[in-house]
Amino acid sequence: MTTDPAAAPAVWTPTLNYSALAVFLFFFLLVTVMGFVAARWRKPETLAHIDEWGLGGRNFGTWITWFLVGGDFYTAYTVIAVPALVYAVGAYGFFALPYTIVVYPFVFLVMPLLWKKAKEMNYVTSADIVHGKYNSRALELVVAITGVVATMPYIALQLIGMEAVIKALGLSGISVGPIHNFPLTIAFLILAFYTYSSGLRAPALIAFVKDIMIYIVVIVAVIVVPMKLGGYGAVFDKAGADFAAAGKGGLLLGGNQMAAYATLALGSALAAFMYPHTLTGIFASNSANTIRKNAVLLPAYTLLLGLIAMLGYMGHAAGIKVAANNDIVPALFDTLFSGWFAGFAYAAIGIGALVPAAVMSIGAANLFTRNFWKAYVNPQVTPAGEAAVAKVTSLVVKVGALLVIVYLPTKFALDLQLLGGIWILQTLPALVFGLYTNWFRAPGLLAGWAVGFVGGSWMAWGPEGLKPLQALPFGGPAGTTVYIGLIALVLNVAVAIAVNLVTARRPVAAA
Amino acid sequence: MDRRKSRAALWLLLIPYVGLLYPAFYNHLEPRLWGFPFFYWYQLAFVPITALLTYIAYRSVRDDD
């Protein structure tokens, strides 16, 4: 099928739409008020305690945890980037689906044990657990630093998601004095202030609004859009025809993409709950059973994600052309829906950026406070002092991410995020193995972490920028292309075992 | 509850890994379902299947603590 160039659709350009803007502002104001009011929600005796500010009192039941972890794990960037990848390359972009399915059996088996350790010993972070288990300040420090460094670009990514909807509202490019992207800056500063005052209660409360809005948007979109475009069969056919015409991507995986698809899914699933923001959601729940129930209930969001990914194909079926792939979701809503519903969708995505960004900054702040400030600066710090340090740190972390997005190229944040995924996966042996065995000791785990961290970064460093995949020399002439994070994890574990064997514990002398 | 039976239920949690991590098995267009190629509906179907398997595992361990 050849397309008449004259009939080819123009590249989508956002325009200022007042009804969309009004709806967006209404919901943004609503969650801002909720963010500040959250300090009084399920009110503790005092918020000046790290357990209260940083973990919401460790008191969240099944439903709050469901909304919080769902709102925190399936981020605004997901809603923008997954359909963008599917729009660009097709089937390969769907690896997010198996990833967010196989993550839950892992959560079910591992996270209740981690929660119990944290609850028993009043631990707040992953690095606390590692220190408690191995009594090694060095291992604690590398786990904490890895967590903070991996989280920073993740926060920046949420800003990219938010930027996409601000652009769709026709508001991008507004500078006030030296501040580029003024609306984004304002939105993020508001978020920083209510997180400062309310702690984890703010994103937990806002997550209710965010998640319900996203469910409404996606359910409407996956019913209405195919009706407008001639059904799902037509959507797939049009997308398939576009890929065939472009000679790139497709409705199925290419032969060399299969190992990449599977290893990306598995590696991402293992890494997902090593991040400070997801662990914060776990530690904030009120029982091990709450976590198990959530492993059963959270896949509802995965179904949603699978449907969100379909928006990429709907973009093809609607004949939308975009200057940047990240515009595909806003462009789809702008093209197919009235202004107010588009505004509702943008608000859902925008608020969807706030919840994870808040939890991420809290998780990073908890790590800094517990595993750096308390460990090295002031070991006598009180829980109230910890809360004070964590509050200031959460501000610093968010402002840092904002500066990165406003002043540095977007690619910088994306590259760091890719590396962050590889790095955070290298903390898994230190954090998880000790739950099941006492065999491993700190030197081995430390050596394993170092080899995984350095080796993973080195493999990711390609001649044309960073890459997530590496061809391994087996399984056919072209080799097998595999996710680097997983290769690094295998090296990590191998080194940990080897070092542990070599530095065998001397037999305990008879006392 | 019988401990052995409760451990047995945990093996069910391997099924999603086996079902999803070998893409050659489901990388096909046919048979389609409601317009969805096999690749898509097969993976989407694993969402409720995994939730169900996890629920069965949950029922077997929830009284452990």
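Mentor: pLDDT is the predictor's confidence in each residue, from 0 to 100. The model here is predicted.

Trainee: What pLDDT does chain A average?
Mentor: In chain A, 95% of the residues score at least 70. Residues 1-8 of chain A stay under 50, and the model has two contacts beyond four places in sequence for them. The chain A average is 86.

Trainee: Which element gives the largest share of the side of chain A that touches chain B?
Mentor: In this interface, 32 residues of chain A are in contact with 27 residues of chain B. The elements of chain A that give two or more residues to that side are helices H5 (96-121), H10 (231-246), H11 (258-272), H13 (288-297) and H14 (299-317). The largest share, eight residues, comes from H5(A).

Trainee: How many nonpolar residues does the side of chain A that touches chain B have?
Mentor: By class, that side of chain A has two charged and five polar residues. The nonpolar count is 25.

Trainee: How far does helix H8 of chain A reach from its first C-alpha to its last?
Mentor: H8(A) covers residues 182-198, which is 17 residues. At 1.5 Å a residue, the expected span is 24 Å. The model is close to this, with a reach of 25 Å.

Trainee: Which helices of chain A do the buried residues of H8(A) pack against?
Mentor: The buried residues of H8(A) include A:Leu184, A:Phe188, A:Leu191 and A:Tyr194. Just after the helix, A:Gly199 takes a positive phi of about 65°. The packing partners of the buried residues are H1 (18-37), H7 (137-168), H9 (201-229), H16 (339-377) and H17 (383-407) of chain A.

Trainee: Is A:Asn135 buried or exposed?
Mentor: A:Asn135 lies in the loop between helix H6 (126-134) and H7 of chain A. Its phi is near 50°, a positive value in a residue other than glycine. A:Asn135 has 11, so A:Asn135 is exposed.

Trainee: Where is B:Pro31?
Mentor: The peptide bond from B:Glu30 to B:Pro31 is cis, with omega near -5°. B:Pro31 is placed in the loop between helix H2 (15-20) and helix H3 (38-61) of chain B.

Trainee: What is the phi of B:Trp34?
Mentor: B:Trp34 lies in the loop between H2 and H3 of chain B. With 9 C-beta neighbours inside 10 Å, B:Trp34 counts as exposed. B:Trp34 is not a glycine, yet its phi is positive, about 50°.

Conventions: Residues are numbered from 1 along each chain as its sequence is written. Chains are lettered from A and ligands numbered from 1 in the order in which they are written. This is a predicted model: local features need pLDDT of at least 70, side-chain atom pairs count only at pLDDT 80 or more; totals for chains, interfaces and linings use all residues. Two residues are in contact if their C-beta atoms, placed from the backbone, lie within 7 Å. Helices (H or I, at least four residues) and strands (E, at least two) are DSSP runs, numbered from the N terminus. Ala, Val, Leu, Ile, Met, Phe, Trp, Tyr, Cys and Pro count as nonpolar, Asp, Glu, Lys and Arg as charged, and the others, Gly among them, as polar. The expected span of a helix is 1.5 Å times one less than its number of residues. A residue is buried if 20 or more other C-beta atoms lie within 10 Å of its own, exposed if 12 or fewer, and partly exposed in between; C-beta atoms are placed from the backbone.
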